[in-house]
Amino acid sequence: MGDPCTESNSMAESDSKPPSASKNGKGEGGSGHSFFTWFMVLALLGVWTSVAVVWFELVDYDDVLARAKEFRYNISEVLQGKLGAYDADGDGDFDVEDAKVLLGLKEKPAILVERRAEPDSLVEEPEAEPEPEVVEEMIQPSHAEEAAWPFPDPVEEEPVVLEEVEPEGEEEPVEDEAAPEIEISEEQVEEAQVDWESELEGEPEVAEAEESAPAEEDEDDSLSEDAGENQDTASVPEGDDDVYGSQSMDVESEIQAAVPLPELVEEDSDSEDHTEDAIDTVGEIVEEAVPEETEEELDHEELLEVDQGDEPTREDENPQEAEEEPAPAEDQPVEKVLVTAEAAQEQKPKEKVKKKKKPKLLNKFDKTIKAEIDAAEKLRKKGKVEEALRAFESLVQRYPQSPRSRYGKAQSEDDLAEKVRSNEVLLKAINTYREVAELPDPPADLVKTTLKRRAERQQFLGRMRGALATLEWLVQLFPEDISLKNDLGVGFLLMGDNKNAKRVYEEVLAVAPNDGFAKVHYGFILKSDNMIAESIPFLREGLQTGDPGTDDGRFYFHLGDALQRVGDSSAYEWYELGHQRGHFASVWQRSLYNVDGLKAQPWWTPRETTYTDLVKALEKNWKTIRDEALSVMDPGRGLFVPEDENLREKGQWGQFTLWQQGKKVEKSCRSVPKTCALLERYPEATGCKRGQIKYSVMQPGTHVWPHTGPTNCRLRMHLGLVIPANGCQIRCTNQTRAWEEGKVLIFDDSFEHEVWQDASSYRLIFIVDVWHPELTQYQRQTLSPI
């Protein structure tokens, strides 16, 4: 098609000339009119087409214009270097290859290295503009992202990117042209950057999530199982054993993230076989769970078991896991210290687990019926004692050779006896415990646990000889177990057989000279035999070991008493330590069988005791009481017996008892009928199960060591009958007083007191113990006698 201007000029010239005819007689201007006609037709057709498109809304022009505008903005941003800041491969734009380079997944191209050698003139030309600041803000998150990944040399990319971006700012015309639209374009670029950064950050997050997901699932499952166990054992009293420490939850969570629990543990947390497998494969995570199971098992005799060979396996695996963990960077010494502290903290529970393993209670046959045993055991733990007993009885009938089933039956009978307060049912349990040990193939740990429990229940019933026989049986079965020999020594002491107890502890100390339990008991025996000085080192060293069973108020009591008798002032230091440990109410008040909250003071007045009627009766009838005492003091009749509690340093001290532990001594009262008839009107004295009523005669030259009574539940009255003029006095705490004939002194003998008789003749008093006035009637009826 020709030029429109040329064509219009030619048409004007043709209009000014007359038309010429062709050879055939037709005009020659038809072709020009024909071209113009077609041109007009096409133009009109285009116009009407455009009108039709707009009129009928065949095309969304707003959308088309918006897309074109957005495309122009994006081009403008690229020209301004906004997205070019992330151009890491030097191709002038940002694409997938640039992301790979930034993430360290791909080597930087050689062109970037070459650009480092370019002149600095390109960097110096542009003036300070907002673009470089924006670029730096953009780059900082990317480098922070790179620092989180352990790829080499991530920091070197920063100066290279800056050199590439700054020359882009030279295109001033493009920058000026897009200036009115920069605000909108920056928002879009920031949104694009956030999307891109979230995509990059999403990769490591997904990776971490995939790694931690199994651990989180296992942790949730283990927590739910633990919760189930706690619900099962809610009605069973918890044990008091604290050998295993918490561990740091932070350390535990880190270990769980690094070593997810296997599915085998999730299936059955109570499973004995599964636990063994878990210990072989998991290591530290199972070790941290072991203390709770061990503590619960020792108290409730659960079903779980651990082979002795598993312990070295766990100790060998843990150092390997520590070696596999990535070492911290050299420029992060704090992390090294934390790791070392965590390792040291984890080592403590390992040592505790090594000292105290879970007993193995199932033999091979019991493992085949473990599901049935578990079901019955869960009933017992839930406190459904009768149902548990029926379930275990059914198991014993079907599997008479099953030691664990019979042990469960004994436990259920034991629990039922406690529930219904029946000695008859407890005797059945004691007999069933014996049957367990007599079966042909019981595990050694089950036999040990069973017989120890049997001895404890026999002692509870007061069957000391039977308990001693059970303990001797245990020592014969397990001669290398020092703790069983220690228990045997206690059994002899409970029988009053100090000689055999001493022999047992000598045998223990011969093979275990540092055994604290044996030392304190051996020292106690020596002191009872009046070997005061010899007992001190054993008592002191035994207490200093801190071994289980040594932190007992009786040993602090006797060590301090021994030190006092040899004139060692450190006695009160041990009394103070005993007070701090909670064994004594104070340094002065050192009784061991106490009721908390009772008023404590060394000296009392009759009005304070509320027993004024008794005091008046004693003082009014003191001569009658004295005369009856003098009638029975004839040495030929032998009614006064020497004091036998080893309280005298020297001298002679005799006693004649009328009531003991709330029980009347009929034979003695027949010798002093008026005195006993008088006292029977005052139940606060005759009914005092933790006291005595007796005459006390002390010859000249007698000294009674500083000592305390056994309980704070009583007060002691002294009625003076025959009192020399000088030389007789009594000290309670730091106050010293003297007796008077016909007068009553009242003091609390749970406080330290001491007596001197330095007169020229004997001293005779009447001792009456009464209940502490603040004890309720129920307490007076239910307290055990002393």
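Reader: Why does Arg 648 count as partly exposed?

Author: This is a predicted model, and in it Arg 648 has a relative accessibility of 26%. Buried means under 20% and exposed means over 50%, so a value in between is called partly exposed. Arg 648 therefore counts as partly exposed.

Reader: And what makes Glu 643 buried?

Author: The cut-off for buried is under 20%. Glu 643 has a relative accessible area of 4%, so it is buried.

Reader: How do you know that Glu 643 and Arg 648 meet in a salt bridge?

Author: Look at the N to O distance, which is 3.0 Å. A salt bridge needs a side-chain nitrogen of Lys or Arg within 4 Å of a carboxyl oxygen of Asp or Glu, so the pair qualifies. The structure holds 31 salt bridges.

Reader: What about Glu 435 and Arg 406, why is that pair called a salt bridge?

Author: Here the closest N and O atoms are 3.0 Å apart. Glu 435 sits in helix α21 (residues 423–438) and Arg 406 in helix α20, so the pair ties together parts that are 29 residues apart in sequence.

Reader: Are those two partners buried or partly exposed, and how do you know?

Author: One of each. Glu 435 has a relative accessible area of 23%, so it is partly exposed. Arg 406 comes in at 14%, so it is buried.

Reader: How do you know that the length of helix α20 agrees with its number of residues?

Author: Helix α20 covers residues 403–420, and at 1.5 Å a residue its 18 residues should span 26 Å. The end C-alpha atoms are 26 Å apart, so the two values agree.

Reader: Which residues does the network of salt bridges link?

Author: Arg 421 is one of them, and the others are Asp 414, Glu 418, Arg 453, Glu 456 and Arg 457.

Reader: How do you know that Glu 456 forms a salt bridge with Arg 453?

Author: Their closest N and O atoms are 3.4 Å apart. That falls within the 4 Å limit, so it's a salt bridge. Both residues lie in helix α22 (residues 444–460), 3 residues apart, about one turn of the helix. Glu 456 has a relative accessible area of 42%, so it is partly exposed. Arg 453 is at 27%, so it counts as partly exposed too.

Reader: What makes the patch with Phe 35 a nonpolar surface patch?

Author: Its members are Phe 35, Phe 36, Phe 39 and Met 40, and they make about 350 Å² of surface. Phe and Met are on the nonpolar list, and a patch residue needs over 30% relative accessible area. Phe 35, found in helix α2 (residues 30–56), is at 35%, so it clears that cut-off.

Reader: Why do β3 and β10 stand at the edges of their sheet?

Author: The open sheet has 5 strands in the order β3-β7-β12-β9-β10, with antiparallel pairing. β3 (648–650) and β10 (735–737) each have a single partner strand, so one side of each is left without a neighbour in the sheet.

Reader: And how do you know that β9 pairs with β12?

Author: Pairing takes at least two bridges. Strand β9 (residues 728–732) and strand β12 (residues 753–757) are joined by 5 bridges, so they pair, and they run antiparallel. Cys 732 stands opposite His 753 in β12.

Key:
Residues are numbered from 1 along each chain as its sequence is written. This is a predicted model: local features need pLDDT of at least 70, side-chain atom pairs count only at pLDDT 80 or more; totals for chains, interfaces and linings use all residues. Side-chain values use heavy atoms; hydrogens and water are left out. Patches are made of residues with over 30% relative accessible area and no salt bridge: like charges are joined within 9 Å, nonpolar side chains (Val, Leu, Ile, Met, Phe, Trp, Tyr) within 5 Å. Accessible areas come from the Shrake-Rupley method with a 1.4 Å probe; for residues, only the protein chains shown count as cover. Helices (H or I, at least four residues) and strands (E, at least two) are DSSP runs, numbered from the N terminus. Buried means under 20% relative accessible area, exposed over 50%, partly exposed in between (1.4 Å probe, protein chains only). The expected span of a helix is 1.5 Å times one less than its number of residues.
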